[in-house]
Amino acid sequence: MKSWQKKYPPYEGAEPYLYFAFADADAARVWPLLRLLLTRGCRVWYAAGRASGAEELVRRQKRAAGAALTLVWLTDAAREDADLKSALLTNQSAGRPILCLDADRGDPGLSMGLYESVPHLRADSSVRAASLEAELVRAPGFTQEILGEPQTVRDRGWIGKLVAALLILAALLLTGAFLFLRGRRPADTLTVQDPVLREAVRAAVGGGIITEENARDVTVLRLEKLPGGWEELSLLPALEKIELTQSAALAGPLPDGDYTLVLKGG
């Protein structure tokens, strides 16, 4: 179901109303005219989608039969819609007013079983919705009794939709930029080339950037595995203790220098 069908559902009240008969395939084409009718205050009932069962079908038939005027959007899709055709012929047999909108160049009514006396209005793509609506309110069968309170119909049109899409895109870009910048870590001012030592030093300084100042305060270094070399320990002048796992200690050479080595499990 289209979004406008959710916002502007069929009229279900007890006051006089118009039955707008159209095929589901024509919903997008029907909307411009329906929007104008709602704006004018016309009470409109229509059937959206296939009936869910026999009970729903009977309810729809009763609702169609209760309309003060039946407005038919005639296209090939409507000609092939058995439920629409049945409701239309029922209203015609009962002598209820019918107005046909010829939205294509197909058969104007014989295939639907419409009487020759049924009035027709041209409604193909060359006719603007505003012009069609102006003709419709003056056509036979359209009476003031089916008009109620005008509705405010928000139809942004393509410009509004474009603006909305651009706003959404801008919001996504800003969100992405924020997350990217938040996720970036400021660059270290002291470079530790060996990745194992670099992450151990970063952990020792509290997980932030590595600078010459905070590196001078590192006294304990904890390693899960051996680095590629120990030369960069010279960047840590206050280092006193190195904690290593037993497996790391057995894997290769240990650092030279006056360091206390502490072996941990693992």
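Biologist: What share of the contacts in the protein with a separation of 6 or more comes from residues 24 or more positions apart?

Modeller: Contact here means heavy atoms within 4.5 Å. In this predicted model, residues 24 or more positions apart account for 57% of the contacts with a separation of 6 or more. Before we go on, a word on the ground rules: residues are numbered from 1 along each chain as its sequence is written, and side-chain values use heavy atoms, with hydrogens and water left out. Since this is a prediction, local features need pLDDT of at least 70 and side-chain atom pairs count only at pLDDT 80 or more, while totals for chains, interfaces and linings use all residues.

Biologist: Thanks! What radius of gyration does the protein have?

Modeller: The radius is taken over C-alpha atoms, and the globule rule is 2.2 Å times the number of residues to the power 0.38. A compact globule of 266 residues would come out near 18 Å, but this protein has 38 Å. Its C-alpha trace spans about 110 × 40 × 35 Å along the principal axes.

Biologist: And how many helices and strands are there?

Modeller: Both are DSSP runs numbered from the N terminus: helices are H or I with at least four residues, strands are E with at least two. The protein has 10 helices and eight strands.

Biologist: How are strands joined in a sheet?

Modeller: Strands of a sheet pair through backbone hydrogen bonds, either parallel or antiparallel. Two strands count as paired if DSSP finds at least two bridges between them. Here, strand 1 (residues 18–21) runs parallel to strand 3 with four bridges, and Phe-20 stands opposite Leu-71. Strand 3 is also joined to strand 4 (residues 98–102), again in parallel, by five bridges; there Val-72 faces Cys-100.

Biologist: Is strand 3 mostly covered or uncovered?

Modeller: Buried means under 20% relative accessible area, exposed over 50%, and partly exposed in between, with a 1.4 Å probe and protein chains only. Six of the six residues of strand 3 (residues 69–74) are buried. One side carries Leu-69, Leu-71 and Trp-73, the other Thr-70, Val-72 and Leu-74. For the whole protein, 37% of the 266 residues count as buried.

Biologist: In which order do the strands of the three-stranded open sheet lie?

Modeller: The order is 6-7-8, with parallel pairing. Strand 6 (220–223) and strand 8 (260–264) are the edges, each pairing on one side only.
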